[in-house]
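Please keep the viewer open while you read the points.

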Amino acid sequence: MPYRVYIQTFGCQMNEYDTELVRSLLRDRGFALTPNQDQADVLLMNTCAIRENAHARVYGHLASWKAMKQVRRVVIGVLGCMAQNLKKELLDTHPVIDVLAGPDAYRHLPDLLVHALERQEQAMAVDLSEYETYDAILPERKPGVNAWIAIMRGCDNFCSFCVVPYTRGRERSRPARGILEEAHTLAARGYKQVTLLGQNVNSYGSPDHDGYDFARLLSAVADVPGIERVRFTSPHPKDFPPALLDVVAHHPRVCRHIHLPLQSGNDRILTMMGRSYTRNTYRDLVAAIRKRGDIALSTDIIAGFCTETDEAFSDTYELVREIEFQSAYVFKYSERKHTIAWRKFPDDVPDAVKSDRVTRLFDLQRRISAGHNRRLIGSEVTVLVEGHAKKSSQQWMGHTDSNVTVVWDKSAAPLAVGDRVTIRVDDASASTLFGTPVTSLVPVV
Ligand code: SAH
Ligand code: SF4
Ligand code: F3S
């Protein structure tokens, strides 16, 4: 009987994608996967290290697995960014862990697990690679509408607050040919939407990548017959040539949505963060995007970064008010060991002040999002049916082109996952549009 493996995933979409890679690598080596942790011989956790609360969640989970290990034999493995970040320190402080594998070491994982299962010794693989892109491995994807494709891995930006360059190593792009072949395979398997992933997705490419830069790759993936929608995340504001903006604005199957992480609206803080744009160059980019029509913008913001004064914060607040993003993720600054900010700057904004700034930005953005969504009442939006709504199995859920969640009653029209449908918007909250199907099966452009 094969060993059964249970995997729990934390963190970003890249981690979700890596779990799909791991599932495929394990299955190829004769492991079975189980959705039930009580039946597993191996418990794996794919971890995130981006903020301290990501670490806290992992420690909490490890405690419950430790209790499980006290009553039966089970191998516990920690994968992902936290494993890479803490390496041996994590094994030493948590002897309950048998196996540790970083994001570039998953090809070794089956051997490490066999080692732990059969010899009951701790094993670890945390070497970062300049080349690993898992190019020839087809991840084991969940059925549905969307499939992720990682087109590049790692990050060379070294924003001063960020742990990612240390947990995922140097930036490297996957050859375009492999990406396009994978898009064809996905289309043949019925996936309608592809999301291109990378920590810095729009810096894709180099002369040896068949001459593809990100704009050309995006357009080529969207040209694959059967793919109806292409999204991408996360881009960096520094890499938006006009050709890329044109593809987003004009390609009928590229979603008219750009996630454009701002982080701060204050130039002194942006310089300290190492973001390589200013308040004004960011604004200019927003203007260049909006000049091309209705393209939704979302963003990430960090509140309470080192030395952020009330005035610096109000620069961010005012810019968020001015730009009116469709949505924004707001994070409380969380100091990460070994980063540039940890080495050079004091984490001197009191926690209560950070929390207050997060709340203020969150409230502002909620009002802005609600305003955007309310303006859509009475209009028609096109969505792909993605699955049941979170709150009710009697409702379907999908997203607009601009990535807003849409919910409607199943009883209103006979539809299935993957169908394309036009919805008239009847009502709206800050996060969701509620509507009624007006036609089903809109022909694909
Ligand atoms: N590569 C992506 C970001 C990945 S992390 C990009 O550059 O857009 C996602 C978000 O987490 C970042 O945009 C940032 O807003 C936030 N983040 C990263 N490090 C953080 C830290 N130390 N404290 C708080 N938020 C952080
Ligand atoms: Fe982190 Fe900056 Fe790289 Fe994004 S671009 S992953 S924030 S270092
Ligand atoms: Fe977290 Fe690593 Fe993603 S730190 S956000 S899982 S790249």
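1. Let us start with the overall layout. The C-alpha centres of domain 1 and domain 3 are 36 Å apart. The protein is split into domain 1 (4-125), domain 2 (146-374) and domain 3 (380-441), with bounds that come from an automatic or database domain assignment.

2. A word on conventions. This is a predicted model, in which local features need pLDDT of at least 70 and side-chain atom pairs count only at pLDDT 80 or more, while totals for chains, interfaces and linings use all residues. Residues are numbered from 1 along each chain as its sequence is written, chains are lettered from A and ligands numbered from 1 in the order in which they are written, and side-chain values use heavy atoms, with hydrogens and water left out.

3. Next, ligand 1. It is surrounded by 15 residues, the closest being Arg51, Gln199, Gln263, Asp300 and Ser334 (a residue is near a molecule if one of its heavy atoms lies within 4 Å of it). By class, this shell holds 6 nonpolar, 4 polar and 5 charged residues. Here Ala, Val, Leu, Ile, Met, Phe, Trp, Tyr, Cys and Pro count as nonpolar, Asp, Glu, Lys and Arg as charged, and the others, Gly among them, as polar.

4. Now look at individual atoms around ligand 1. A backbone N or O atom of Gln199 is 2.5 Å from a nitrogen atom of the ligand, and a polar backbone atom of Ser334 is 2.8 Å from a ligand nitrogen. Arg51 places a polar side-chain atom 3.0 Å from an oxygen atom of ligand 1. On its own, ligand 1 has 540 Å² of accessible area, and the protein covers 88% of that (areas come from the Shrake-Rupley method with a 1.4 Å probe).

5. Strands also contribute to this site. Strand S13 (296-303) and strand S14 (327-332) each give at least two residues to the shell around ligand 1 (strands are DSSP runs of E, at least two residues, and helices are runs of H or I, at least four, numbered from the N terminus). S13 and S14 pair in the parallel sense over 6 bridges, and Asp300 stands opposite Tyr329 in S14. Two strands pair if DSSP finds at least two bridges between them.

6. These strands belong to an open sheet of 3 strands, ordered S12-S13-S14 with parallel pairing. Its edge strands are S12 (257-259) and S14, each pairing on one side only.

7. There is another sheet to find. This open sheet has 6 strands in the order S2-S1-S3-S4-S5-S6, with parallel pairing, and strand S2 (32-33) and strand S6 (123-125) form its edges. Within it, 5 bridges join S3 (residues 42-47) to S4 (residues 75-79), and Leu43 has Ile76 in S4 as its bridge partner.

8. Which domains supply at least three residues each to the shell around ligand 3? They are domain 1 and domain 2. The residues around this ligand include Cys12, Cys48, Cys81 and Gln199. Ligand 2 has a shell of 7 nonpolar, 2 polar and 1 charged residues, among them Cys155, Cys159 and Cys162.

9. Finally, two backbone details to check. Most residues other than glycine have a negative phi, and most peptide bonds are trans. Tyr134, in the loop between S6 and strand S7 (146-150), has a positive phi of about 50 degrees. The peptide bond from Thr233 to Ser234 is cis, with omega near -10 degrees.

Technical notes: Polar contact = N/O pair within 3.5 Å; in protein donor to acceptor, adjacent residues only side chain to side chain.
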